[in-house]
Amino acid sequence: MNTDILKPVCMRAVMGCALFVLCQCALAQTTLNSPARLEKFSKLPDWSGIWNLKGSPALLDVEDGKAFVPGVRDHPPYKPDWEAKYRVDLVRAEHQGDANYPNPLVDTHTIYCAAGMPHVLGTPFDYEFIVTPEETWIIIEKETRHVYTDGRGFPPEDELWPTMLGRSIGHWEGQTLVVETISVKSGLWADFTPAMLSERARFIDRIRQIDADTLEDQVTITDPVAFTKPWTFTKHYKRMKPGTWVAEPETCGTPGDRNPIVNGRVTVVLPDAK
């Protein structure tokens, strides 16, 4: 489309809103699909398809560690007071389905029906990556990480508030997507154990494709409130065969939830009990 022809037409359409909007949309489309943008697209990696976590979702610093076994825990570089709290919470968490335990601790993933950061980095759910020059979307079941690569910085301090996934900006170093995330809600379980972080935690992902069907995410978490030093771990994701359909998201917080919370305790509803 010849934008030189559209520009004067749009300028004369001040009194005709519909035509003005139409012209602006046409101009925006030619800009978005400009040769420069298409060239940027051509240099980005192809991470299409459905991906699944390799290894265990447990022990973020031990990729193939056991999961959901009493006594299994993460090993963040906690300060003494945070380590003491984590040990107490581990015992409470192991009794979250025990109706006779006086003070169980319920998984925040169950409470919010969302994992949040950094739990979303290691889940049994499907992963999808939509890569564009301006933004990469990382979709994990019902949660989506928005990674802006258009050169913006973080919002100003007075516009930031802690959320489940925080705010993420990124840039490309060759074929590696470098993501920085801040402003994540405190009190979220880091994975299936109640390892928690403060609201000053900062996350760096370095995501790259290491072979035809494997993505690698090297993660570093710094937390000046909770940690004595940075916490690092690596996760890998395997691409499923072409044509794989994404799994149906689990419902949560409704009568159809398979793990409803009853009187502050997680319960399990078996299929034949519905």
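Glu141 lies in the loop between strand 3 (135-140) and strand 4. Strands (E, at least two residues) and helices (H or I, at least four) are DSSP runs, numbered from the N terminus. This is a predicted model: local features need pLDDT of at least 70, side-chain atom pairs count only at pLDDT 80 or more, and totals for chains, interfaces and linings use all residues. Residues are numbered from 1 along each chain as its sequence is written, and side-chain values use heavy atoms, without hydrogens and water.

Most residues other than glycine have a negative phi, and most peptide bonds are trans.

The peptide bond from Met117 to Pro118 is cis, with omega near 0 degrees.

A pocket is an open set of points on a 1 Å grid over the protein atoms alone, where a 1.4 Å probe fits, with protein on both sides within 12 Å along at least five of seven lines; lining residues have an atom within 4 Å of a point. Of the 16 lining residues, His146, Tyr148, Gly166, Arg167 and Ser168 are closest to the centre. Strand 4 gives the most, with four residues. Strand 5 (167-173) supplies at least two.

Asp81 sits in helix 4 (residues 80-93). Its relative accessible area is 53%, so Asp81 counts as exposed (over 50%). Asp81 and Ala226 are 145 residues apart in sequence, yet 8.4 Å apart in space, C-alpha to C-alpha.

Definitions and conventions
Buried means under 20% relative accessible area, exposed over 50%, partly exposed in between (1.4 Å probe, protein chains only).
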